[in-house]
Amino acid sequence: MLKLKTANADALYSRISDSAKLYLPVKRAGQVNYDLWESGCEVTLGEMTVKSPKDLFFPQSEDLMAFRVSGKSIEIENPELPTEPFVLFGVRACDARSFDVLDRVFLSDPVDSYYEARRNCGTVVSLGCLEPLRETCFCSVFGIDLAEPEGDVQAWVLGDEMYLSAKTEKGEKLLAAVKDLCEETDGAPLAAAKDEARAKMAKNPLADLDLTGFDGEHMMEKFNAPEWKDLYQACLGCGTCTFVCPTCQCYDIRDFDTGHGIQRYRCWDSCMYSDFTMMAAGTNRKTQMERFRQRFMHKLVYFPANNEGMYSCVGCGRCVSKCPMHLHIAKVIRTLGGKKQ
Amino acid sequence: MQAVAEKVIARAKELLASGEVQRVLGWEKGEFDYERTPALFEQGNIDKLVYDKFCAANLSKKLVEVSKLEGKTLALIKPCDSLSLNQLLCEHRVKRENIYVLGVGCKGMEGKDGLCMKCEFCKGKNFAISDEVIDDESCREVPQSDRFAAVRELEEKTPEERYAFWRSELSKCIRCNACRNVCPACTCIKCVFDNPDSGVAAKANVDTFEENQFHIIRAFHVAGRCTDCGECSRVCPQGIPLHLLNRKFIKDMDTLYGDYQAGEDAEARHPLINFTKADAEPSVVLNRGE
Amino acid sequence: MQSTVKEFKPLIVAFCCNWCSYAGADLAGSSRLSYPADVKIIRVPCSCRVNPLFILRAFQRGADGVILCGCHPGDCHYTSGNYYARRRMTLLFSMLDYLGVDRRRVRVEWVSAAEGARFASVMNDFAATIHELGENVKLEDLRCKQ
């Protein structure tokens, strides 16, 4: 394990960005989001980013192909798959788990080549939480250890020191390049801090959410629960929850007429929108109640039923803090979960 | 506020019990102290109705849908919400005969991070429309503020500075459409941005043009009808000061066509559906000093 | 793109109302008055048919300047269309200026059917302005660039 003074973090970022693009939480215009590191930018590791880091592997919009029309011929251009290495720094345990969820969707057959290429190019430096980042955090509910995040390199910030520990070959390669900036350590002070973090997490307001009954066995029961009718009432049908969510993976493929050809791109879609999965015959979910139910059924019932019990919520709390109407997943679990089945 | 809140809840229960109204549109508590969610109450769940300093959400838009239900709905409407509601009534979007408007006094609403931006620039404590009002002296104090100060400050910058400011703000947009969906002036059944044939995509932030276009057009579409209720800025997950776009239109209209507050008078024609022969030419923009 | 010095050929979109300005353009043509070939005319039934979205879409599709021409105030074929257009465009232009887009890129001019010469001079003047301003960058859509 390596450590360095947080005061020297800029030297670390600078070194990493010598060989790869470095993305980390940066505050711009008052909001923290994953952004490209540049000298002098306001790196803000202590706050939850508004958007999740899934953007780096699965961008909000991405070109799939272009059709160029000249006379009677149509030329098809495929964009090259990304090959440029990048480092994603400061990923919290919840977001690190979200990559597993996305992997299950995009890397299972048929493999999504764009996602796969980005996944291969990226090295993830995760940042263990030594206290819950916010009162809205509830990762422990999904069995995520906030202090031991998954990733190629694990990092922790304790006091004025940053600890770094490689977990994979990619991670070792990254740390080898920054070794001279750091000193070796056994990381002894971390153990107590991690335990403290877990204890604090257990006391977080949402840590007592009970997922009992959210599984394939009780699918129809949950689907038909009368509570949905009241729960969805105030839903605006905006896409905030889905767009800040680290695990939402639905997208739409669209054509844009550029005037001299067609640009085919995909962009995130939201099951909250009325035109979601719209087909010639219309849409299969006509009311906001059905759309609202779909989002939570997918995360808490369908996904675990198809993925050995893995929930596609990681408890990051972004939707909890951003829903304009406060109709978030915590409220849904509170209302529908934990009952004696 | 406490006294007003108690009276409001008691009156809502009374009207519901007497059968004068079939349901109540108000707020209920959420997971956290500061969370209040708009909700419909009937005899069975009326005990969950709350009214306090966290009830910031503007309920007027919800009435578009609720007023179509059978029977009367009691709506709790704050002074600034009453402007939105009056504007909706003027546009025949809400069935007046199906609602009972209970004006509720307000001392400024708070969110997780303190006083809401919209309440810093309170537009007054009068009710543009109400069937009954419950408030007291403490709810009638209007804080002094200049809502156009920030607009003026931007106007005084150079075009390059303004461009940089709006780029940095609008580039945060994630196109979640929360601003549009919460806006009481946005009640189109099908939004232009949801029409695939319009060539503008509602959910893609493909490039900077789309971001600019969405926000310019959205602000334009509500110009003249926007009461400056501030909901757009309140709900934006990226904290974009969207109200500065709306206020720019309001300021320009006030300057060029005379002071006008949308929603104040249901009979008035707003500046964009009106004209005078002596109106300024578009070249006034060009001739304005730097 | 930068190394080869290419002469800047602006693209100007002119929305012209059917009753006055389009006829004015026609008169300019039949009177053999010249105006720049960079000006592409789009005929609209009335100046108030022009939705603010049209102006933005023109910029998106590569316009460097957009001009709206209609009947003189008081002369609208539909009595009052141009009065509404006048208010809308004033507000839109002011908003574009507020966002930092050069306000000289957009213009409204009233041109009657009898004013062929005026049409030509308005277009010459506007084209010169846009020439001076150069390419539209602030409201461009990169996907639409060739």
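Reader: How far apart do the C-alpha centres of domain 1 of chain A and domain 2 of chain A lie?
Author: Keep in mind that this is a predicted model. Chain A is split into domain 1, covering 2-202, and domain 2, covering 216-336. Between the C-alpha centres of these two domains of chain A, the distance is 25 Å.

Reader: Which element gives the most to the side of domain 1 of chain A that touches domain 2 of chain A?
Author: The contact draws 32 residues from domain 1 of chain A and 28 residues from domain 2 of chain A. On the domain 1 side, strand E4 (61-70) and helix H2 (93-106) of chain A each supply at least two residues. The top contributor to that side, with nine residues, is E4(A).

Reader: And how many nonpolar residues does that side of domain 1 of chain A have?
Author: Let's go through it by class. The side of domain 1 of chain A that touches domain 2 of chain A has nine charged and five polar residues. Its nonpolar residues number 18.

Reader: Which residue is the bridge partner of Asp255(A)?
Author: Look at E11(A) and E12(A), which pair in the antiparallel sense over seven bridges. The partner of Asp255(A) sits in E12(A), and that residue is Arg264(A).

Reader: Which residue takes a positive phi in the hairpin of E2(A) and E3(A)?
Author: Strand E2 (residues 21-28) and strand E3 (residues 31-36) of chain A pair in the antiparallel sense over six bridges. One of the bridges joins Arg28(A) to Gln31(A). The hairpin has two residues between the strands, and the one with a positive phi, near 45°, is Ala29(A).

Reader: What is omega for the cis peptide bond that joins Asp109(A) and Pro110(A)?
Author: To find the spot, go to the loop between H2 and helix H3 (113-121) of chain A, where Pro110(A) lies. The peptide bond from Asp109(A) to Pro110(A) is cis, with omega about -5°.

Reader: Where does His326(A) lie?
Author: His326(A) has a positive phi of about 60° although it isn't a glycine. As for its place in chain A, His326(A) is in the loop between helix H10 (318-322) and H11.

Reader: Moving on to the neighbours, how many residues of chain A are in contact with chain B?
Author: Several elements of chain A give two or more residues to the side that touches chain B: helix H8 (240-244), strand E11 (251-257), strand E12 (261-268) and helix H11 (329-336). By class, this side of chain A divides into 16 nonpolar, eleven polar and ten charged residues. Chain B puts in 29 residues, and the number from chain A is 37.

Reader: How many residues does the contact take from chain C?
Author: On the chain A side, the contact takes five residues. These are one nonpolar, four polar and no charged residues. From chain C, the count is four.

Reader: In chain B, which helix gives the largest share of the side of domain 1 that touches domain 2?
Author: Chain B is assigned domain 1 (2-139) and domain 2 (149-281). Their contact takes 19 residues from domain 1 of chain B and 16 residues from domain 2 of chain B. Helix H3 (79-90) and helix H4 (117-120) of chain B each supply at least two residues of the domain 1 side. The largest share, eight residues, comes from H3(B).

Reader: Is H8(B) parallel or oblique to H10(B)?
Author: His215(B), Ala219(B) and Val222(B) in H8(B) meet Leu245(B), Asn246(B) and Phe249(B) in H10(B). The contact has four nonpolar, two polar and no charged residues. Helix H8 (residues 208-222) and helix H10 (residues 243-257) of chain B pack at an angle of about 45°, with their axes 9 Å apart. Because of that angle, H8(B) and H10(B) count as oblique.

Definitions and conventions
Residues are numbered from 1 along each chain as its sequence is written. Chains are lettered from A and ligands numbered from 1 in the order in which they are written. This is a predicted model: local features need pLDDT of at least 70, side-chain atom pairs count only at pLDDT 80 or more; totals for chains, interfaces and linings use all residues. Domain bounds come from an automatic or database domain assignment. Two residues are in contact if their C-beta atoms, placed from the backbone, lie within 7 Å. Helices (H or I, at least four residues) and strands (E, at least two) are DSSP runs, numbered from the N terminus. Ala, Val, Leu, Ile, Met, Phe, Trp, Tyr, Cys and Pro count as nonpolar, Asp, Glu, Lys and Arg as charged, and the others, Gly among them, as polar. Axes are lines fitted to C-alpha atoms, for helices over the stretch in contact, and angles run from 0 to 180 degrees between N-to-C directions. Angles under 35 degrees count as roughly parallel, over 145 as roughly antiparallel, 65 to 115 as roughly perpendicular and the rest as oblique. Two strands pair if DSSP finds at least two bridges between them.
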